Amino acid sequence: MCIRDSFKPVSLLAKVPSLYVVHPDVPAKNLKEFIAYAKKNPAKLSYGSAGNGSAGHLAFESLKMTAEIFMLHVPYRGTGPMMTDLLSGRLDAAAVGAAALLPFIKAGKVRCIATGSAKRLPQLPDVATVAEQGFPGFEMTQWYGMLAPANLAPANLEKLAAETAKAVK
């Protein structure tokens, strides 16, 4: 039996947009400027992530492939250590979930050059999406869901889904 056959979906809990940010020393105010700078400086820029295969790693790799740029990936053991190096300027860029970044963006410690969401975020109305900046259809969000054992009785699964929906609201 395959692991995916071991579970049934219960509910989507949350979607978290990825934000693409740069250290203030990077001379780019938006995604178009950042891509142009990266193309003029191949292999000079680095971006960090919470680790290989993490949401931030995949979000930035998707952007790199879409924009046809190259940057060095620096994997960390978690978002905290990566943020320390981004804030200090040892990293040039990162893609991180909005909740972890908003305070640092508001304080001017990092600059948000794009959102991975389908629409602009109310918290950052002046920051254009990746799609708006030349890459139609681009969307990169993290999502969190609840699964239950595949052998859970249908009535129990329905009750769990209903109670989860109430809690999420």
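The model is predicted, with local features taken at pLDDT of at least 70, side-chain atom pairs at pLDDT 80 or more, and totals for chains, interfaces and linings over all residues. Residues are numbered from 1 along each chain as its sequence is written, and side-chain values use heavy atoms, without hydrogens or water.

Student: Why is the pair of Tyr20 and Phe60 called edge-to-face?
Tutor: The ring centres of Tyr20 and Phe60 are 5.8 Å apart and the planes stand at 65°, so the pair is edge-to-face. Tyr20 lies in strand β1 (residues 7–22) and Phe60 in helix α2 (residues 55–67), 40 residues apart. Helices (H or I, at least four residues) and strands (E, at least two) are DSSP runs, numbered from the N terminus.

Student: Why does Phe60 count as buried?
Tutor: Buried means under 20% relative accessible area, exposed over 50%, partly exposed in between (1.4 Å probe, protein chains only). Phe60 has 1% relative accessibility, so Phe60 counts as buried.

Student: What makes Phe34 and Phe60 an edge-to-face pair?
Tutor: Their ring centres are 6.5 Å apart and their planes at 80°, so the pair is edge-to-face.

Methods:
Phe/Tyr/Trp six-rings, centres within 6.5 Å; stacked < 30°, edge-to-face > 60°.
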